[in-house]
Amino acid sequence: MLPTSLPPLRKGGHATHCKRCLSGLPSSQVDVDPAKLALSFYCLGSLDVSGELEKNTRDREREQWREWIWSQQTRGHYGTGFRASSYMTAKYSTEECSDHDNPQIIMTYTALLSLSILRDDFSLLDRKGLPEISQVLFSSEPLGGDSDLRTTFCAFAISTMLDDWSGMDVPSALQFICSCRTYEGGYGQSPFGEALGGTTYCALAALQLAEQVDPLSPQDRQKTVRWLVQNQASNGGFRGRTNKDADACYCFWCGASLHMLDAGDLVDKAAITAGLPKIPGEHPVNVIVDPYHTYLSLAAVALLPPNSSEGASWALCSLDPLLNATYQTSSWARAHIPAPKVDDDDA
C-alpha cells in the first residue's frame with residue numbers, strides 16, 4: 001500500500017553521501033572506479049538538482065573537482081575527449097596519443113556537464129578535436145566498445161553543447177535510431193533488441209536535440225506513450241522492460257520520455273516517489289545507496305514533482321530533460337562550451 005503522505009526529503013543526507021563518493025569510494029562502490037568520471041557526474045548532478053552544491057561544498061573543493069576532471073581530458077588518434085579515469089594511464093607516459101588511453105564518448109558527455117555544474121569557463125577545452133570523437137558514432141571508444149543508442153545520444157548531446165555538428169552524419173544517425181524501434185513502441189539498445197526504458201529516452205532525446213519536426217507519427221507516438229505508461233508498476237516505480245521489476249532509475253528514463261512526448265500528466269506523480277528506492281518497497285537498511293540511482297531518482301522528482309503540499313523539502317531545481325541537467329547548468333553549457341564567436345571586423 002502506498003503512503004498517503006511523504007516524509008521530508010533528506011537533501012543534506014544525499015549531499016553528504018555524494019561528497020563522500022567524490023572524496024573516496026566506499027567499499028560498496030569500488031567496482032565502478034574504472035568509470036569514476038561518470039560517477040562524479042551523478043554526485044555533482046545530485047548536489048546541483050537538490051540545490052546543495054553551494055550550501056554544502058567549499059570553493060576549494062569545487063576547484064579540486066574541476067582540476068581532476070580536466071586531468072582526464074586526453075587526445076587520441078580519433079579526436080579529443082575525456083577518459084573514464086586515470087586508472088589505465090602510465091604515470092610517466094611520453095606518448096602524445098596512446099591506444100590504451102583513448103577518450104570515451106559517454107565520459108566526454110558527463111565531463112562537459114560536470115564542468116558546467118561547476119561553472120567552469122572551458123578555457124582548457126580542445127574544441128577543435130572534440131567533434132572528431134563524434135565521428136566514431138556507433139562505438140563508445142575508437143577501437144571498439146559499446147555501439148548503441150547510448151553513444152548516439154551522447155554524440156548528439158556533445159554536438160548540441162558544442163554547437164558544432166561537423167563531426168556528425170546526422171541522416172545516418174537518425175536512420176540508426178529508427179532501426180532500433182521495436183513493435184512495442186520503445187527503442188532497443190541496438191536494432192532488433194528488446195525495448196528498454198533507458199534507450200527509449202536516448203532515442204527520443206536525440207531526435208529532439210536534432211530538432212526533428214514531428215519525429216514520430218501520431219500512431220507511433222501513441223504506441224510509445226502507451227508502452228511507457230504501462231511500465232509504471234503498482235508500487236509507483238517504473239519498469240525498464242516489459243514484465244520486469246521496477247527500478248528507481250527508470251522513474252527518470254521512462255518519466256523523462258513521457259515528459260518529452262508531452263504526456264507527463266499521465267504519470268502517477270503521487271505514487272512515483274514511493275518507487276524511488278533502488279528496489280521499491282525494500283527497507284532502506286537493506287538497500288546499498290549509490291550515486292547513479294540517487295541522481296536519477298532526484299532528477300525524476302525534479303521533472304515530475306509531487307504535490308506542493310508535500311512540503312518545501314521536495315522542491316528541486318527545474319530539469320532540462322534533453323541534456324539531463326538542471327536548466328541553469330544546461331544554459332551554462334550551451335553558453336560557454338561553444339567556441340567564442342568572432343566578429344567579421346576582428347577576423
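**Exercise 1.** In which loop is G167 found? Locate G167, and then decide whether G167 is buried or exposed.

*Solution.* Before starting, note that this is a predicted model, in which local features need pLDDT of at least 70 and side-chain atom pairs count only at pLDDT 80 or more, while totals for chains, interfaces and linings use all residues. Residues are numbered from 1 along each chain as its sequence is written, and side-chain values use heavy atoms, with hydrogens and water left out.

Step 1: G167 is found in the loop between α7 and α8, where helices (H or I, at least four residues) and strands (E, at least two) are DSSP runs, numbered from the N terminus.
Step 2: The relative accessible area of G167 is 8%, so G167 is buried; here buried means under 20% relative accessible area, exposed over 50%, and partly exposed in between (1.4 Å probe, protein chains only).
Step 3: Along the sequence G167 and P131 are 36 residues apart, yet in space they are 4.6 Å apart, C-alpha to C-alpha.

**Exercise 2.** Describe the protein as a whole: how many helices and strands does the secondary structure come to, and what share of the residues counts as buried?

*Solution.* Step 1: The secondary structure comes to 14 helices and eight strands.
Step 1: Of the 347 residues of the protein, 54% count as buried.
Step 2: Take the contacts (heavy atoms within 4.5 Å) with a separation of 6 or more; residues 24 or more positions apart account for 70% of them.

**Exercise 3.** How do helix α1 and helix α2 pack, and at what angle?

*Solution.* Step 1: Two packed helices are described by the angle between their axes and the distance between the axes. The axes are lines fitted to C-alpha atoms, for helices over the stretch in contact, and angles run from 0 to 180 degrees between N-to-C directions.
Step 1: Helix α1 (residues 11–23) and helix α2 (residues 36–49) pack at an angle of about 150°, and their axes are 9 Å apart.
Step 2: This angle makes α1 roughly antiparallel to α2, given that angles under 35 degrees count as roughly parallel, over 145 as roughly antiparallel, 65 to 115 as roughly perpendicular and the rest as oblique.
Step 3: The crossing in which α1 passes α2 is left-handed, a term used if the near helix is turned anticlockwise from the far one by less than a right angle, whereas clockwise gives right-handed.
Step 4: On the α1 side A15, C18, K19, C21 and L22 take part, and they meet S40, C43, L44, S46 and L47 in α2.
Step 5: The residues of this contact of α1 with α2 divide into seven nonpolar, two polar and one charged (Ala, Val, Leu, Ile, Met, Phe, Trp, Tyr, Cys and Pro count as nonpolar, Asp, Glu, Lys and Arg as charged, and the others, Gly among them, as polar).

**Exercise 4.** Repeat the analysis for α4 and α5: which residues make the contact?

*Solution.* Step 1: Helix α4 (residues 59–70) and helix α5 (residues 105–117) pack at an angle of about 155°, with axes 10 Å apart.
Step 1: That angle makes α4 roughly antiparallel to α5, and the crossing of α4 and α5 is left-handed.
Step 2: R66, I69 and W70 of α4 make the contact with A111, S114 and L115 of α5.
Step 3: These residues of the contact of α4 with α5 divide into four nonpolar, one polar and one charged.
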